[in-house]
Amino acid sequence: MTEQAAPILNKRARGKVPPTEHDKALGFLARLMGDFMAVLSLPNLVTRVLDSLRDEFGFDSCTVALLDEHNPDVLTLVGGTGIRTGFLGLVIPQGQGLHWAVMEAKAPLYVPDMHADPRVFRREERIRSGIYAPLVVQSRPIGVLSAHRGRVDAFPASDLNLLTIVAGYLAGTFEVARLYEETDRRLHQLQALREIDRAITGSLDVRVTLNVLLENVTAQLHVDAAEVLLFNPHAHTLEHGTGRGFRSSAFNTIQLRLGEGHAGRAAIDRRVVNIPDLTKEPGGFDRARPVAKEGFVAYYAVPLIAKGQVKGVLELFHRSPLSITHEWLLFLDALAGQAAIAID
């Protein structure tokens with residue numbers, strides 16, 4: 001230790017030298033460290049961090065925007081505190097807004113008056129000034145941490161330095177949490193496929209196997225209801241096999257000819273039929289089933305094909321719009337293959 005440094009450290013230990021932004025950031029992160037170990041869910045972790053950041057440093061609002069793991073051309077506002085609920089989930093296309101300016105420059109940004117800055121993607125009346133810091137992992141920006149106040153030019157340079165230091169430490173933590181969630185999700189998917197395999201090999205009753213399948217379909221794909229329609233080769237019809245998640249038994253008596261309705265079309269065309277919003281269908285749903293009473297919004301019909309032959313149709317129903325990813329579609333395809341094997 002140098003002779004010059006020793007007096008400064010001694011004074012700081014006695015409280016005579018004010019802490020630097022780096023000291024404040026490290027103290028803040030140290031107090032959160034226990035939460036990092038206990039909270040492995042990325043949304044919960046983001047919420048915990050933003051609430052603590054706002055309380056600790058007196059910011060009016062704080063947000064985290066992260067790159068979409070399935071579409072790196074967009075940023076999504078995954079967490080926020082002190083902002084309107086409608087801003088959560090906001091999708092910011094590449095090249096637009098202050099967030100992308102920070103991402104592209106990999107540098108922090110201070111905006112003294114957000115109402116006067118043309119780069120603002122969507123204005124919040126209560127927010128007048130803001131500071132933005134990139135979240136960078138191994139030289140790769142993954143998102144942006146921001147803080148705001150309701151007054152013009154309300155941030156000293158020390159606040160921007162503080163947020164930048166905090167963002168530098170948090171970036172890796174957010175990435176680890178995201179990777180943990182992805183690994184956990186894929187592990188559950190593999191376990192679901194193994195469970196269905198065991199049901200296929202352990203039971204000669206197709207409905208027992210399909211019940212196991214639908215239990216995993218609704219749980220892993222996060223849909224409210226699912227049904228398997230079985231193909232009757234003698235009558236050339238699709239008939240109810242088994243269902244899960246429906247509020248009434250009206251879905252149990254369905255019988256469709258190939259080409260009739262959405263499921264019949266999926267079977268005869270051998271392709272997936274997707275209706276994102278059933279309420280906007282011109283003629284309503286194509287069957288005498290209480291879809292409206294069930295409150296269904298999103299719909300998928302997937303043909304079940306084994307050895308080149310249609311064995312049935314897997315239908316998915318959800319009571320709100322579905323957020324579809326490439327991984328979701330791949331797993332749906334895997335489950336449909338399992339269902340076709342079970343029926344065969």
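Me: What makes β7 and strand β12 a pair?
Reply: In this predicted model, six bridges join β7 to strand β12 (residues 309–318). Two strands count as paired when at least two bridges are found between them, so β7 and β12 pair, and they run antiparallel. One of the positions to look at is Val228, whose bridge partner in β12 is Leu314.

Me: What makes β7 and strand β8 a pair?
Reply: The cut-off is at least two bridges, and β7 and β8 (residues 237–244) have seven, in the antiparallel sense. In β8, Leu238 stands opposite Phe231. The hairpin of β7 and β8 has four residues between the strands, and His236 takes a positive phi near 55 degrees there.

Me: Why is strand β7 called largely enclosed?
Reply: A residue is buried when its relative accessible area is under 20%. Eight of the eight residues of β7 (residues 225–232) are buried, so the rest of the structure largely encloses this strand. For the protein as a whole, 44% of the 344 residues count as buried.

Me: Which residues of β7 point one way and which the other way?
Reply: Ala225, Glu227, Leu229 and Phe231 point one way, while Ala226, Val228, Leu230 and Asn232 point the other way. All of them are buried.

Me: Why are α6 and α9 called roughly antiparallel?
Reply: Helix α6 and helix α9 (residues 326–343) pack at an angle of about 175 degrees, and their axes are 10 Å apart. Angles over 145 degrees count as roughly antiparallel, and the two helices are therefore roughly antiparallel to each other. From α6, the contact is made by Val206, Thr209, Leu210, Leu213, Val217 and Gln220, and from α9 by Phe331, Leu335, Gln338, Ala339, Ala342 and Ile343. By class, that gives nine nonpolar, three polar and no charged residues.

Me: How do you know whether α3 is roughly parallel or roughly antiparallel to α5?
Reply: The axes of helix α3 (residues 42–57) and helix α5 (residues 157–202) cross at roughly 165 degrees and come within 9 Å. That angle makes α3 roughly antiparallel to α5, since the cut-off is over 145 degrees. Their crossing is right-handed. Among the residues that meet are Leu45, Val49 and Phe57 in α3, and Leu163, Phe174 and Glu181 in α5. The contact has 13 nonpolar, one polar and two charged residues.

Me: What makes β3 and β4 edge strands?
Reply: They belong to an open sheet of six strands in the order β3-β2-β1-β6-β5-β4, with antiparallel pairing. β3 (91–93) and β4 (109–111) each have a single partner strand, so one side of each is left without a neighbour in the sheet. The twist averages 25 degrees from one strand to the next.

Me: How many bridges join β1 to β6, and what packs on this sheet?
Reply: Six bridges join strand β1 (residues 61–68) to strand β6 (residues 140–149), and the two run antiparallel. Val64 stands opposite Leu145 in β6. Helix α5 packs on the sheet and touches β1, β4, β5 (129–137) and β6. The direction of α5 makes about 35 degrees with that of β5.

Me: How many helices and strands does the protein have?
Reply: The protein has nine helices and twelve strands.

Technical notes: Residues are numbered from 1 along each chain as its sequence is written. This is a predicted model: local features need pLDDT of at least 70, side-chain atom pairs count only at pLDDT 80 or more; totals for chains, interfaces and linings use all residues. Side-chain values use heavy atoms; hydrogens and water are left out. Axes are lines fitted to C-alpha atoms, for helices over the stretch in contact, and angles run from 0 to 180 degrees between N-to-C directions. Angles under 35 degrees count as roughly parallel, over 145 as roughly antiparallel, 65 to 115 as roughly perpendicular and the rest as oblique. A crossing is left-handed if the near helix is turned anticlockwise from the far one by less than a right angle, and right-handed if clockwise. Contact means heavy atoms within 4.5 Å. Ala, Val, Leu, Ile, Met, Phe, Trp, Tyr, Cys and Pro count as nonpolar, Asp, Glu, Lys and Arg as charged, and the others, Gly among them, as polar. Buried means under 20% relative accessible area, exposed over 50%, partly exposed in between (1.4 Å probe, protein chains only).
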